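I opened this notebook to record what I looked up in one model. The entries follow the order in which I consulted it.

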Amino acid sequence: MARHMNSVFLKRNKNAFFLTETVIYIGLALLCLTLFFSLFVQAVRLYRQAVARENLVRQAVVCEETVWFSLRYGTDIVVAPNEVRYRDGNGEMNGFFVRNRVLYKRLSNGTGQPITGNDAGEPGETDVFMEPLQGTAYFSETDGMVTSAFRLIDRKTNVKQICRISVWPLPRIWRRDE
């Protein structure tokens, strides 16, 4: 009888040891799963921020090149806080203006083509918007130099990119030399 009791006691200890091991392994598996899930979430967040940063840098480069080139060779430049107009090489009035925190290029027929922003699927909404960098003016003029300073912002990630453009229009420089 004592032998039988000993055998039952040993089986119980073996089963208890097995259950303890199982609980430890499940706990370790859950800990690893939680760790990998948090790493995955962090990687996705960083990837989205990197995509947003790349998008903003591309848009900033397009803005800088388009505005700088247009104003560098433009004549009869008129600057307002949210708009700049100039006469191009063909003698037509063009310009840039800001509406709903998006930069547009004013075409010679009076319509506007967006330079910043991208379609978020909602009418009138964009994932990328801009805000003035200095006060409330997107465009300013000081002693003949035209300046545009704004910040591009991604609505979903709140990533920001500064865009500053300062240009001396060549026709103004040439007039000074005469």
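With which residue does Glu 83 form a salt bridge, and how far apart are the closest N and O atoms? I found Arg 85 as the partner of Glu 83, at 3.0 Å; a salt bridge here is a side-chain nitrogen of Lys or Arg within 4 Å of a carboxyl oxygen of Asp or Glu.

I note that this is a predicted model, in which local features need pLDDT of at least 70, side-chain atom pairs count only at pLDDT 80 or more, and totals for chains, interfaces and linings use all residues. Residues are numbered from 1 along each chain as its sequence is written, and side-chain values use heavy atoms, with hydrogens and water left out.

I next looked up Arg 106, which also forms a salt bridge with Glu 83, at 2.8 Å between the closest N and O atoms. This pair links distant parts of the chain, with Glu 83 in strand β2 (residues 83-87) and Arg 106 in strand β4 (residues 102-106), 23 residues apart. Shared partners join Glu 83, Arg 85 and Arg 106 into one network. Strands are DSSP runs (E, at least two residues), as are helices (H or I, at least four), numbered from the N terminus.

I then checked accessibility (buried under 20% relative accessible area, exposed over 50%, partly exposed in between; 1.4 Å probe, protein chains only). Arg 106 is buried at 15%, whereas Glu 83 is partly exposed at 21% and Arg 85 partly exposed at 31%.

Finally, I recorded the salt bridge between Glu 54 and Arg 58, at 2.7 Å, N to O. Both residues lie in helix α1, four residues apart.
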